[in-house]
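Please keep the viewer open while you read.

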Amino acid sequence: MSNNIEHLGIVENIEGRHIIVRIVQTSACSTCVAASHCNASESKVKLIDVYSDDSNDFSTGENVRLVGSTSMGMQAVMWAFGVPFLVLVIVLTVLQVGLGLNEVSSALIALGSLVPYYFTLYLLRNKMSNKFSFIIEPIK
């Protein structure tokens with residue numbers, strides 16, 4: 001198994017060190033022969049921000065490869081889904097078992113406890129963007 005995540009894309013825009021790359025993310029079944037007749041296959045166009053000191057080596061419309069580590073992907077999943085799930089479960093348990101609140105109140109407060117978490121992630125987005133960045137490579 002490879003330790004890298006790779007996506008093929010096209011350079012959309014270049015502004016200084018900032019390169020915007022368009023990738024088409026497809027579902028696993030999009031390559032099926034029956035995909036055109038099935039609603040399960042889908043594809044999404046995504047714009048990825050890449051910061052590179054070699055931005056002068058690329059041009060708009062050029063085909064490129066984005067490479068990231070699988071550990072980076074696992075960390076992103078942890079921060080986006082794992083930690084919020086733990087926060088939700090811990091707050092819900094403390095409210096119901098520890099404080100004896102009813103289920104509806106506990107659930108609403110537990111959901112509300114995710115607002116500060118996601119707001120904190122939002123405030124740390126610049127710091128995290130350095131941690132979660134792709135490397136851009138030309139396709140030869």
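This is a predicted model: local features need pLDDT of at least 70, side-chain atom pairs count only at pLDDT 80 or more; totals for chains, interfaces and linings use all residues.

Residues are numbered from 1 along each chain as its sequence is written, and side-chain values use heavy atoms, with hydrogens and water left out.

**The chain as a whole**

Four helices and five strands make up the secondary structure of the chain. Helices (H or I, at least four residues) and strands (E, at least two) are DSSP runs, numbered from the N terminus. Read from the N terminus on, the order is β-β-β-β-α-α-α-α-β. The chain has 140 residues, of which 21% count as buried. Here buried means under 20% relative accessible area, exposed over 50%, and partly exposed in between, with a 1.4 Å probe and protein chains only. Taking contacts between residues at least 6 apart in sequence, 66% join residues at least 24 apart; a contact means heavy atoms within 4.5 Å.

Helix α3 spans residues 114–123, and its buried residues are L114, Y117 and L121. These cover an arc of only 60° around the axis, so they sit on the same side of α3; the arc is that of the directions from the helix axis to the C-beta atoms. V115 and L123, on the other side of α3, are exposed. The buried residues pack against α1 (70–98), α2 (103–112) and α4 (125–131).

**Two helix pairs**

Two packed helices are described by the angle between their axes and the distance between the axes. Axes are lines fitted to C-alpha atoms, for helices over the stretch in contact, and angles run from 0 to 180 degrees between N-to-C directions.

| Helix pair | Axes come within | Crossing angle |
|---|---|---|
| α1 and α3 | 10 Å | roughly 150° |
| α1 and α2 | 9 Å | roughly 145° |

How are α1 and α3 oriented to each other? They are roughly antiparallel, a term for angles over 145 degrees, while under 35 degrees counts as roughly parallel, 65 to 115 as roughly perpendicular and the rest as oblique. α1 passes α3 in a right-handed crossing. A crossing is right-handed if the near helix is turned clockwise from the far one by less than a right angle, and left-handed if anticlockwise. In this contact, W79, A80, V83, P84, V87 and L88 of α1 meet L114, Y117, Y118 and L121 of α3. By class, the contact of α1 with α3 has ten nonpolar, no polar and no charged residues. Ala, Val, Leu, Ile, Met, Phe, Trp, Tyr, Cys and Pro count as nonpolar, Asp, Glu, Lys and Arg as charged, and the others, Gly among them, as polar.

α1 also passes α2 in a right-handed crossing. On the α1 side the contact uses L88, V91, L92, L95 and Q96, and on the α2 side E103, S106, A107, I109, A110 and L111. The residues of this contact of α1 with α2 divide into eight nonpolar, two polar and one charged.

**Two residues up close**

S106 lies in helix α2. Is S106 buried or exposed? S106 counts as buried because its relative accessibility is 0%. Leaving out residues up to four places away in sequence, S106 touches L92, L95, Q96 and L101.

I10 belongs to strand β1 (residues 4–15). With 26% relative accessibility, I10 counts as partly exposed. I10 and N63 are 53 residues apart in sequence, yet 4.6 Å apart in space, C-alpha to C-alpha. Not counting residues up to four places away in sequence, I10 touches I20, V21, R22, G61, E62 and N63.
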